[in-house]
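We'll go from stop to stop, and at each one I'll tell you what to pick.

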Amino acid sequence: MKYAIVNLGCKVNAFEAEAVSEMLSNNGHTRVSFDEQPDATIVFTCAVTNTAAAKSRKILHQAKRIKEDEITALVGCYVQVNDGLLEEADILVGSANKKKLPQYIEQYLKNHKKIRDIASLENVPFDSFTSSVHDSKARCDLKIQDGCNQFCSYCIIPYTRGRIRSRSAIDIVDEVKRLALNGYKEIVLTGIHLSSYGKDTGKETLLDVIKLVHEVDGIERIRLGSLEPRIVTDEFVSEISKLYKLCPHFHLSLQSGCDKTLKAMNRKYTSKEYLDGCNILRKYYKNPAIT
């Protein structure tokens with residue numbers, strides 16, 4: 001079977017898509033581009049914006065219009081909260097059981113009966129995907145955290161991804177070692193709310209994980225996904241500034257520079273705290289990139 005994967009979401013989605021792709025390839029299926037009229041199209045959906053949601057529906061309709069018997073599987077955030085709008089899809093999998101997608105495709109190939117798996121996200125464990133092959137030959141994203149407890153006024157993510165869940169430090173280091181052996185030089189640590197890593201377990205913190213990854217032979221560069229401003233403290237930055245493999249490139253979330261708006265959004269920082277974080281980074285790094 002020829003299959004195509006379309007990712008409409010974040011770096012975490014990208015990581016999960018590559019992991020599912022590897023599982024399908026290991027089962028003897030061949031990945032092709034969406035334009036090559038595959039036998040199956042898998043869409044990793046996003047619910048953060050109306051544009052991403054509309055694209056999910058558009059790709060579903062487009063695939064069926066081009067090739068009527070093409071298998072369409074939609075996965076992830078948009079499915080979790082809008083499965084009723086996607087009745088045309090052959091397979092729908094929410095955010096909880098993406099690992100089962102290859103199994104569901106095999107099942108559909110046998111009986112052609114629609115599959116729906118929109119499980120509750122209550123008390124769902126961390127879904128430890130692994131992937132040894134990535135789009136880039138040198139850099140790869142590594143999902144170490146999932147879910148969010150912030151409940152910002154405008155944001156649907158806690159409902160599409162569930163509560164915070166952290167991958168064990170042992171699993172993270174083991175995978176980084178495998179990636180290093182496969183020739184990867186750069187690791188991007190990603191998560192839905194990366195700054196909350198470890199808060200659910202009370203064990204290792206994000207700082208601990210960065211230090212552990214830093215010790216892995218063969219890894220030359222470490223990057224971080226998006227961070228909340230409040231994690232940028234003197235203690236945190238003074239420690240990471242000692243780690244020469246960590247690239248001084250920081251994605252700091254900023255929804256508004258207006259404190260009244262930030263409060264209405266239920267963001268957990270003020271404009272002054274954001275500026276303080278920028279100044280702390282500049283205190284320990286000569287010329288950090290802040291995006």
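In what order do the four strands of the open sheet run? The order is β8-β7-β9-β10, and the pairing is mixed.

Before you click further, some housekeeping. This is a predicted model, in which local features need pLDDT of at least 70 and side-chain atom pairs count only at pLDDT 80 or more, while totals for chains, interfaces and linings use all residues. Residues are numbered from 1 along each chain as its sequence is written, and side-chain values use heavy atoms, with hydrogens and water left out. Helices (H or I, at least four residues) and strands (E, at least two) are DSSP runs numbered from the N terminus, and two strands pair if DSSP finds at least two bridges between them.

**Stop 1**

Look for Q145 opposite S166 in β8.

Next comes β9, residues 186-191. β7 and β9 pair in the parallel sense over six bridges, and C140 stands opposite I187 in β9. On to β10: β9 pairs with it in the parallel sense over four bridges, with R221 as the bridge partner of E186.

Stay on β9 and show side chains. E186, V188 and T190 point one way, while I187, L189 and G191 point the other way, and all are buried (under 20% relative accessible area; exposed is over 50%, partly exposed in between, with a 1.4 Å probe and protein chains only). Six of the six residues of β9 are buried, so the strand is largely enclosed by the rest of the structure.

**Stop 2: helices on the sheet**

Angles here run from 0 to 180 degrees between N-to-C directions, and axes are lines fitted to C-alpha atoms, for helices over the stretch in contact. Contact means heavy atoms within 4.5 Å.

Select α6: this helix lies across β7 and β9, running at about 170 degrees to β7. Then pick α7, residues 206-214, which packs on the sheet and touches β7, β9 and β10. The direction of α7 makes about 160 degrees with that of β10.

Zoom in on H214, in helix α7. H214 counts as buried, at 8% relative accessibility. Leaving aside neighbours within four places in sequence, H214 is in contact with I222, L243, Y244, K245 and L246.

**Stop 3: the core**

A nonpolar core is a set of buried Ala, Val, Leu, Ile, Met, Phe, Trp, Tyr and Cys residues joined through side-chain atoms within 4.5 Å. The largest one has 61 residues, and I42, I91, L101, I144, L189, L206 and I210 have the most contacts inside it. Helix α6 (residues 169-181) gives the most to this core, with six residues.

**Stop 4: two packed helices**

Select 11-26 and 101-111, which are α1 and α4; they pack at an angle of about 45 degrees, with their axes 9 Å apart. Show V20, M23 and L24 in α1, which meet L101, P102 and I105 in α4.

**Stop 5: two loop residues**

Finish with Q37, in the loop between β2 (30-31) and β3 (40-45). Phi of Q37 is near 50 degrees, a positive value in a residue other than glycine. Q37 is partly exposed, with a relative accessible area of 43%. Then jump to F151, in the loop between β7 and α5 (157-161); F151 has a positive phi of about 50 degrees although it is not a glycine.
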